[in-house]
Amino acid sequence: MITRQRLAAGVCALLAALTAGIAFPTGAVADETAEQAAPKVELVLDVSGSMRARDIDGGSRMSAAKQAFNEVLDATPEEVQLGIRTLGANYRGNDRRTGCKDTAQLYPVGTLDRTEAKTAVATLTPTGWTPIGPALLKAAGDLDGGNGTRRIVLISDGEDTCQPLDPCEVAREIAAKGIGLTIDTLGLVPDAKTRDQLSCIADATGGTYTSVQHKEELTDRVGQLVKRAADPVVTPVAVEGAAACTSAPALKSGLYTDREEFGQHRYYRVDVKPGQELRASVSVAADREVNPDYGVLLRAVTVHGREIVRGEAAGNGRTDVISTGLRYPKAESDDENAPAETVCLQVSNSFSAASGVKTTPGMPVELTVDVVDGPDQASDVASFGLGRGWWLLGALVLTGFLAGVLWGWVSRLRIAVWRTN
C-alpha cells in the first residue's frame, strides 16, 4: 500500500513538473512598464440657461448633472487628477461677445478634495450662453504638460452658440497638436444638430459620444470615462514627417502621431542593423466627410529612393480608419562593425475631401514602429502550419508517453501484489 502511494505521488510530481515547465518556459521576462505621470481628467459642464429644462426623470438637466458629479467624485480613483470647468455659468446678459467668453475653471486639475469639489458644484445655476469651442480650448490648456493620460469629458444639452468658432474644428486643432488628449462627449436629451456636433468633436480626437436620457445613464457613463483614464495606455509621441527622406525625423521603436493632408506624402527614417527586422504599420483616420474610394500606402525605401517593400490598403467609405503594414528583415553580416541601414518610411494617401469640407488640419495618422532582432531561420519556419508550436506539441507527446509508461508500471505492480496476496 505504501509503495503504491509513493508511486502515485511520484507520477503526480513528475506531471506537475512537466506542466510547470510548459506553462513557464525558460527565458520569460517580467513586464517592465515605464512610469508615467498621473492621469488627468477635466469635466466640462454646460451651465447655460437651457439646463433648466425639466425633462430628465422629472427633474431638471442641471440637477441630474449635479447628482452625477457628486457620485462620480466619490468614485474617482485616487491616482486620477481631476478638475471641473464650466461654460455659460456666469454671464446673464445678452451681449454675444461677452457671453462667448463665459468659461471658467470651477475646480483646478489636481489631487481631488471631494468635499471642496462637491461644494463648488452645488453653487452652479443655469445661466447663460453655450461657448463650447472656447471652453475646449481652455480645457486643453488646463491639462497641458506631462506624459500621462489626458481626457476631457464634455456634458452639454445644446449646440455651441458662439459660431464661427466651430467646436468641431477646435477639436481637430487640439488633435493636430499630437498631445494625446481625448475628448468624450455626452448629450443630454439632444436634438439632431447637437448630436452631430458632439459626435464630430469626439470623433476628431478618438473619443466617444453618448446620448443620455436618464440620471443613471449620465452617472454611469461619466464614471466609466473617469475610471478609464486610470487604465495604463501607451501615449503616442507627436512627430512631424518631412516632404523628403533626407530631412525626415529619425524614429525608434514606438507609437507616433502626425497629420497628413489629402494626397500628401510624409517621410520618416528608421535605422535597421544587420540581423534586425523592421515592422511598421500606419493608420489614417477620416475625421471628416470624405469622398468614397480611397487608399493608404506605406513604403520602405532606401535613401536613394529604391523601394524595398510596401504595404497598401483601399477603402470605399464604409470605415473611418484604414490601415496597412510591412516587414523588412535585414540579413546578418559577417562584419561585426557593419553599419545600420537607414530605411525611409513613406506614408501617402488617396483621400479626397467632400464638397465644402475643410482640408486643414490634415487627417490623423498613427504610425507604429518596431525594430526587433531578426527571426531565427530554423525556428521561425511555419512547419505544417505549427511554427514554433512544435516544441509544445513535442512536450505534450513526451508527457503523455512518460505518464503511460508509469501508469503501466503501476498497474503491473498492483497485479503482482494482488497475486501475491
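**Exercise 1.** In this predicted model, state how many bridges join strand β5 to β6 and in which direction the two strands run.

*Solution.* Start with β5, which spans residues 181-188. Four bridges join this strand to β6, and the two run parallel. As an example of the pairing, take L188: its bridge partner in β6 is V212.

**Exercise 2.** Determine how helices α2 and α4 are oriented to each other, and describe their contact.

*Solution.* The axes of α2 (residues 61-75) and α4 (residues 114-122) come within 10 Å and cross at roughly 175°. Angles over 145 degrees count as roughly antiparallel, so α2 is roughly antiparallel to α4. On the α2 side, the contact is made by K66, F69, N70, L73 and D74; α4 contributes R114, A117, K118, V121 and A122. Sorted by class, the contact has five nonpolar, one polar and four charged residues.

**Exercise 3.** Summarise the protein as a whole: its secondary structure, burial and contacts.

*Solution.* Count the elements: nine helices and 16 strands. For burial, 42% of the 421 residues count as buried. For contacts, consider those between residues at least 6 apart in sequence; 75% of them join residues at least 24 apart.

Notes: Residues are numbered from 1 along each chain as its sequence is written. This is a predicted model: local features need pLDDT of at least 70, side-chain atom pairs count only at pLDDT 80 or more; totals for chains, interfaces and linings use all residues. Side-chain values use heavy atoms; hydrogens and water are left out. Two strands pair if DSSP finds at least two bridges between them. Buried means under 20% relative accessible area, exposed over 50%, partly exposed in between (1.4 Å probe, protein chains only). Contact means heavy atoms within 4.5 Å. Axes are lines fitted to C-alpha atoms, for helices over the stretch in contact, and angles run from 0 to 180 degrees between N-to-C directions. Angles under 35 degrees count as roughly parallel, over 145 as roughly antiparallel, 65 to 115 as roughly perpendicular and the rest as oblique. Ala, Val, Leu, Ile, Met, Phe, Trp, Tyr, Cys and Pro count as nonpolar, Asp, Glu, Lys and Arg as charged, and the others, Gly among them, as polar.
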